[in-house]
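Please look over the sequence and the model below before reading on.

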Amino acid sequence: MAKIRFKLNNKMIEIDENPNLRLLDVLRDKFGFTGVKEGCGEGECGACAILINNDVVNSCIVPLGNVNGKEIMTIEGFSLSEKFDVISSSFAEEGAVQCGICTPGMIIASESLLNKNPKPTDEEIRIGLSGNLCRCTGYNAIVKAVTKASKKGDGLW
Amino acid sequence: MVKNIIPTSLNEALELLNDRPFKIMAGGTDLMVQRRAWSQTPPEFIEDVLYIFNLEELKYIKEDKGFIVIGSTTPVEDLLHNDLTPFLLKEAIGIMASPALRHMATIAGNIGNASPAGDTLPILYVLDAIIVLESIEGIRELPINEVITGPRKHVIKQNEIIKEIKIPISVYTDSVFEKVGGRKADAISKLSFTGAVNIKDDKVLDFRIAFGAVSATILRRKEIEEKYVGLTKEELIGKVDEIVNEYDPFIRPIDDQRSNKEYRKTVALNLLKNFIITL
């Protein structure tokens with residue numbers, strides 16, 4: 001056990017837990033943030049993507065011990081922002097959501113990308129989302145949605 | 001009783017390591033997968049774990065006395081966006097895994113994991129990187145090829161930590177990193193090829209070659225490289241078949257789930273050939 005302090009969706013948290021726990025399980029089971037999905041469990045599919053200090057990471061391979069002093073944002077926390085509204089409405093308008101299981105991770109990865117690069121090219125979007133697998137859309141609609149978000153949210157990022 | 005610790009300074013980490021054995025965890029991108037257990041359960045560690053990823057004093061990249069020096073817990077994505085990072089290292093990082101992984105992955109992790117398929121390792125070999133290991137007894141510096149001794153094997157002692165990686169600043173007129181994998185992102189290399197030359201006034205001043213995932217450790221043979229220093233570019237290109245034959249016996253890949261021996265060897269030698277004839 002170890003004392004671990006971090007900010008989760010803008011709220012300070014202090015817990016005494018095993019630092020080996022997967023952040024994914026802590027977020028889902030202890031805090032109820034089930035928008036964070038488990039897909040592959042080995043860092044390849046991006047369904048469990050969250051933001052740590054504004055950067056996308058896969059929470060299934062982040063040990064709790066690595067988040068001490070960090071700021072964590074899940075899709076639930078991000079959904080309260082204006083940026084989320086821009087990205088999610090763009091996904092809806094472009095038909096970039098089908099079954100939906102990859103969508104929270106796709107939106108988180110899009111946010112991480114736009115934070116660093118507010119006007120990404122198609123190629124840069126594909127690289128930015130390369131760690132997020134989608135079995136339904138074929139990706140083109142998602143790339144269009146991120147381009148649209150980048151235009152609609154001009155100045156936000 | 002397992003006791004996992006999150007140290008708040010490098011000194012604290014070194015004291016702990018001197019006291020008893022720990023598994024050192026940096027970004028966790030390899031370890032968390034290797035020790036993965038069932039869904040909703042923590043990974044299985046029989047050892048105590050020392051969490052060093054948040055030691056800010058080990059997160060840096062700087063230029064110092066002819067070297068680019070990289071702190072061991074610096075995530076590779078930071079290196080990708082830093083002007084000091086050597087070109088070849090950026091090439092390898094740019095096609096490593098995905099942004100989400102690169103925000104956590106470290107070069108020190110590639111060294112500690114010591115997989116022949118580690119993406120940044122061939123670059124460290126080609127650039128003659130020096131690995132700085134620190135313990136409570138002091139610091140020792142070893143060239144990368146003396147740190148890694150086999151698949152998953154290295155000479156880092158139980159009380160040591162990888163402090164930083166020192167890369168000599170060098171000039172190449174042509175250099176390439178080619179990774180062959182199942183797909184562009186999130187793929188472990190089937191094999192990789194790294195080549196770097198410095199040709200000035202039509203004279204080969206430097207000629208360096210490394211292969212990843214074709215032998216027990218990264219393959220680099222300085223005695224072969226040295227034979228071709230001093231030639232003109234045309235002479236070097238004219239000796240392409242001889243050079244391919246020189247490397248042939250050292251390329252001894254394995255069959256596994258990602259690829260097979262024949263494919264790995266054929267492609268590795270073709271990439272070498274292509275690098276030379278297109279100089």
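A residue is called buried here if 20 or more other C-beta atoms lie within 10 Å of its own, with the C-beta atoms placed from the backbone. By that rule, 52% of the 157 residues of chain A count as buried. Please keep in mind throughout that this is a predicted model, and that every value below was computed from it.

**Chain A: elements and overall form**

- Chain A contains 6 helices and 5 strands, and when the chain is followed from the N terminus on, these elements run in the order β-β-α-β-β-β-α-α-α-α-α.
- The C-alpha trace of chain A spans about 45 × 30 × 25 Å along its principal axes.
- A compact globule with 157 residues would have a radius of gyration near 15 Å, and because chain A has 15 Å, its value agrees with that expectation.

**Where chain A touches chain B**

- In this model, 31 residues of chain A are in contact with 28 residues of chain B.
- On the side of chain A that touches chain B, the elements that give two or more residues are helix H1 (23-30), strand E4 (55-58) and helix H4 (103-116) of chain A.
- Which of these elements gives the most to that side of chain A? The answer is E4(A), which contributes 4 residues.
- Sorted by class, the side of chain A that touches chain B is made up of 10 nonpolar, 14 polar and 7 charged residues.

**The two domains of chain B**

- The domain assignment of chain B gives domain 1, covering 10-168, and domain 2, covering 174-277, and the C-alpha centres of these two domains of chain B lie 25 Å apart.
- Across the boundary between them, 19 residues of domain 1 of chain B are in contact with 21 residues of domain 2 of chain B.
- Helix H4 (87-94), helix H7 (121-126) and strand E7 (148-150) of chain B are the elements that give two or more residues to the side of domain 1 that touches domain 2, and H7(B) gives the most, with 5 residues.
- By class, this side of domain 1 of chain B has 14 nonpolar, 3 polar and 2 charged residues.

How values were computed
Residues are numbered from 1 along each chain as its sequence is written. Chains are lettered from A and ligands numbered from 1 in the order in which they are written. This is a predicted model: local features need pLDDT of at least 70, side-chain atom pairs count only at pLDDT 80 or more; totals for chains, interfaces and linings use all residues. Domain bounds come from an automatic or database domain assignment. Two residues are in contact if their C-beta atoms, placed from the backbone, lie within 7 Å. Ala, Val, Leu, Ile, Met, Phe, Trp, Tyr, Cys and Pro count as nonpolar, Asp, Glu, Lys and Arg as charged, and the others, Gly among them, as polar. The radius of gyration is taken over C-alpha atoms; the globule rule is 2.2 Å times the number of residues to the power 0.38. A residue is buried if 20 or more other C-beta atoms lie within 10 Å of its own, exposed if 12 or fewer, and partly exposed in between; C-beta atoms are placed from the backbone.
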